[in-house]
Protein chains: 2
Amino acid sequence: MKRQKRTTIYDIAQKLSLAASSVSRALSDSNKINAETKALVLKTAAEMNYQQNAMASNLRKGNNPTIGVVVPRINQYFFSNVIAGLEEVTFKQGYNLVICQSNELHAREVEGVNALVNQNVSCIVISIAAEKGSFDHLQQVLDRNIQLIQFDRVVEELETFKVLNNNKQGAYEAVVHLIEQGYRRIALLEGPQELHIFRERKEGYIAALQEYGFPILSELMYANAWTKELGAQATTQLLDLPNPPDAIFASTSDFAALGVLEVANNKGIPTPEALGICGYSNEPFTEITSPSITTIDQFSVEMGRKIGNLHFREMENFSPEGKTKTLNVRPKLIVRNSTLRKLQ
Amino acid sequence: MKRQKRTTIYDIAQKLSLAASSVSRALSDSNKINAETKALVLKTAAEMNYQQNAMASNLRKGNNPTIGVVVPRINQYFFSNVIAGLEEVTFKQGYNLVICQSNELHAREVEGVNALVNQNVSCIVISIAAEKGSFDHLQQVLDRNIQLIQFDRVVEELETFKVLNNNKQGAYEAVVHLIEQGYRRIALLEGPQELHIFRERKEGYIAALQEYGFPILSELMYANAWTKELGAQATTQLLDLPNPPDAIFASTSDFAALGVLEVANNKGIPTPEALGICGYSNEPFTEITSPSITTIDQFSVEMGRKIGNLHFREMENFSPEGKTKTLNVRPKLIVRNSTLRKLQ
DNA sequence: ATATTTTAGGCAATCGATTGCATTTATCAA
DNA sequence: TTGATAAATGCAATCGATTGCCTAAAATAT
């Protein structure tokens, strides 16, 4: 295994009888170098197959042009799309993206964040795990003057940049739509209330009902139904009520909505006629179920781009006062057949 | 913006009146250090909020415990799952994962690979872009003695580790299944033949037909149908043939199969009775279409884990002769309603 | 009590690129 | 022709951690 050493600027310098500093200047396109020399260095570097050692450069410059990302799961539609959008922006800027997944576990989240701090990344982008714990690890990021951008699931009390969906708004619009379609007993599938996104969605649900003068009935609010199976289970119980709902808003996810739909289909309850169903996230599959599922689009790729742009814009004119800036992405209701009783 | 300097080993050394080397030894758990001293250093480091500077360490040690990944699209089901599986393994080993997407463009792939080489990562994991070009960039990786693991879509002529699905096998099994279900004119939707995975699937299709004595009919093989739209278009044309197929194997993707299904549904052609449909990849949605779609599972998360394990195993007992090792992941046919005419 | 081995810790070079400052060379003005 | 200025290049320190080599002290053997 012949380990051919990498070419360094010293190798180039020696070959050209120059100082390493000149080579460095030529490569970094400094203006303190003669045009001819620069051309010569560039040519020689290419010939010698030179590739800069990023670690040396970063060490000396004291910064690492890298953005670290920590998400619960990489292979979840929403997150993988955010990452895709973010990567688009970071790549254009010549930045790298380092990715960790927390698997919804707090301990892994902490480990991931620390690893990124060690790398001295210039920014950490995070959506916190469902399993909440202390947020010392995030405070540390701030103390070290590493930019912190939280998105979607955030620690509210921490003063950082935040990029959020307006969850209350999304839920509100969904429920208003259900009411306008003539549904009168609208049930809610809730997510874990430790996460503010689920609290906000619940608020939106309540706000809409109140605005239209509907009662808020606790028997129609079902806690912790955020998978397909739990959604199905919740549906079975809700439909067994003496006075069952005529619509179910699965505010947790489209997967929960899918569980609802399956139960309805199995029981022969026609959707949308006898039961309206609305999900959250606009997963690709919602378009192709029968009937297709009404849901809320979160513009995930766009959200990723927004995060990236936020970082690079702040880098330039970093404003100490702006540390807490919050960007809101307005979600959009996607009306499909599972709630469409009336012609629009 | 007060920029409080990071604590370094020198700070700790000074505080304890020790040499930096001793601090380093204590932190790296060397055996050349007294147990008490070690404990003291560890305690002080924690108090002073010390975090190692990974760049300095990596520079000195000449390696970067990082695996770089280049895939066409991060947010594609198959790839995001492979990455998730890979991350699982790399994280356990304390390795980082750096991710780039090529967007199917050769130029971006080259840029991404070069960025990773600059970072001096210890391994590059790649699935090449559909837009093929020279593979000098990959040759360079090898020349620099960085491990290269190709997966799924590979440059065959390059001697590297490869982790593959047995595409021929998968396609073969699918077509045999169709034949056993009584389908007699089985059409094939092909992907770009520059990519070997699509060539192999075609081979599997042909092999199955031949084995059962069926003719290979070029009019039933439709090139480049690898999106939903192209799949639908292909189906329309195939069904307009004087002697149309009674089954369509969308070897390119489940999305193409979905396009087939939609056309069939629109035309009122019953599936699976009059038209059998089989996709490829086992996308989540194939389970919930009506009818559900028969497809081939690629064990993507498992594939990611295999890639990671391959790297770490080879690191230990690196065997020069083993440079070309190929791991095959055997795909599995998932039979669903879109091809099920007979009771099993 | 002396010689030998272990153990703990210090010194200083090193990884490769960058950069402030010093120096040389070229250019121009007087 | 000489002095002043600008341009190009060299020198050497630096970023922070690691590690080979060396020395002093402690532990063990003779």
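# A tour of a predicted two-chain model

Just after helix H7 (residues 136-143) of chain B, B:Asn145 takes a positive phi of about 65 degrees.

- You'll find A:Asn145 in the loop that links helix H7 (136-143) to strand E4 (147-151) of chain A.
- A:Asn224 is another non-glycine residue with a positive phi, about 50 degrees here. Look for A:Asn224 in the loop between strand E7 (221-222) and H10 of chain A.
- Most peptide bonds are trans. Between A:Thr271 and A:Pro272, though, the peptide bond is cis, with omega about 10 degrees. A:Pro272 sits in the loop between H11 and strand E9 (276-278) of chain A.
- Chain B has a cis peptide bond between B:Ser290 and B:Pro291, where omega is about -10 degrees. The loop holding B:Pro291 runs between E9 and strand E10 (295-297) of chain B.

**Around helix H7 of chain B**

- Back to the helix we started with: B:His137, B:Leu138, B:Gln140, B:Val141 and B:Leu142 of H7(B) are buried.
- What covers these buried residues? The cover includes helix H6 (106-118), strand E3 (121-126) and strand E4 (147-151) of chain B.

**Helices that meet**

- Across the two chains, helix H4 (residues 54-61) of chain A and helix H4 (residues 54-61) of chain B have axes that come within 9 Å and cross at roughly 140 degrees. That angle makes H4(A) oblique to H4(B), and their crossing is left-handed.
- On the H4(A) side, A:Met55, A:Ala56, A:Asn58 and A:Leu59 meet B:Met55, B:Ala56, B:Asn58 and B:Leu59 of H4(B). Sorted by class, this contact has 6 nonpolar, 2 polar and no charged residues.
- Within chain A, the axes of helix H10 (residues 228-239) and helix H11 (residues 254-267) come within 7 Å, crossing at roughly 45 degrees. H10(A) and H11(A) are therefore oblique to each other, and the crossing is right-handed.
- H10(A) brings A:Lys228, A:Gly231, A:Ala232, A:Thr235, A:Thr236 and A:Leu239 to this contact, while residues of H11(A) in it include A:Phe255, A:Leu258 and A:Val263. The contact has 7 nonpolar, 4 polar and 3 charged residues.
- In chain B, helix H2 (residues 20-27) packs against helix H3 (residues 35-47) at an angle of about 90 degrees, with axes 9 Å apart. That makes H2(B) roughly perpendicular to H3(B).
- The residues doing the touching are B:Val23, B:Ala26 and B:Leu27 from H2(B), plus B:Lys38, B:Val41, B:Leu42 and B:Ala45 from H3(B). They divide into 6 nonpolar, no polar and 1 charged.

- In strand E2 (residues 96-101) of chain A, 6 of the 6 residues are buried, so the strand is largely enclosed by the rest of the structure. A:Asn96, A:Val98 and A:Cys100 point one way, and A:Leu97, A:Ile99 and A:Gln101 point the other way.
- Strand E1 (residues 64-71) of chain A runs parallel to E2(A), joined to it by 6 bridges. One thing to spot: A:Val70 has A:Cys100 as its bridge partner in E2(A).
- A:Ile83 belongs to helix H5 (residues 77-92) of chain A. Its relative accessibility is 1%, so A:Ile83 counts as buried.
- Which residues does A:Ile83 touch, not counting residues up to four places away in sequence? They are A:Val69, A:Val71, A:Leu97, A:Ile99 and, from the other chain, B:Ile74.

**The open sheet of chain B**

- Here 4 strands form an open sheet in the order E7-E6-E8-E9, with parallel pairing. Strand E7 (221-222) and strand E9 (276-278) are the edge strands.
- Strand E8 (residues 247-250) is joined to E9(B) by 3 bridges, and B:Phe249 stands opposite B:Cys278.
- Helix H10 (residues 228-239) of chain B packs on the sheet, touching strand E6 (186-189), E7 and E8. Helix H11 (residues 254-267) of chain B also packs on the sheet, where it touches E6, E8 and E9.

Technical notes. Residues numbered from 1 in each chain as written. Chains lettered and ligands numbered in written order. Predicted model: local features only at pLDDT ≥ 70, side-chain atom pairs only at ≥ 80, totals over all residues. Heavy atoms only, no water. Axes fitted to C-alpha atoms, helices over the stretch in contact; angles between N-to-C directions. Parallel < 35°, antiparallel > 145°, perpendicular 65-115°, else oblique. Left-handed = near helix turned anticlockwise from the far one by under 90°. Contact = heavy atoms within 4.5 Å. Nonpolar A, V, L, I, M, F, W, Y, C, P; charged D, E, K, R; others polar. Buried < 20%, exposed > 50% of the residue type's maximum accessible area, 1.4 Å probe, protein only. Pairing = 2+ DSSP bridges.
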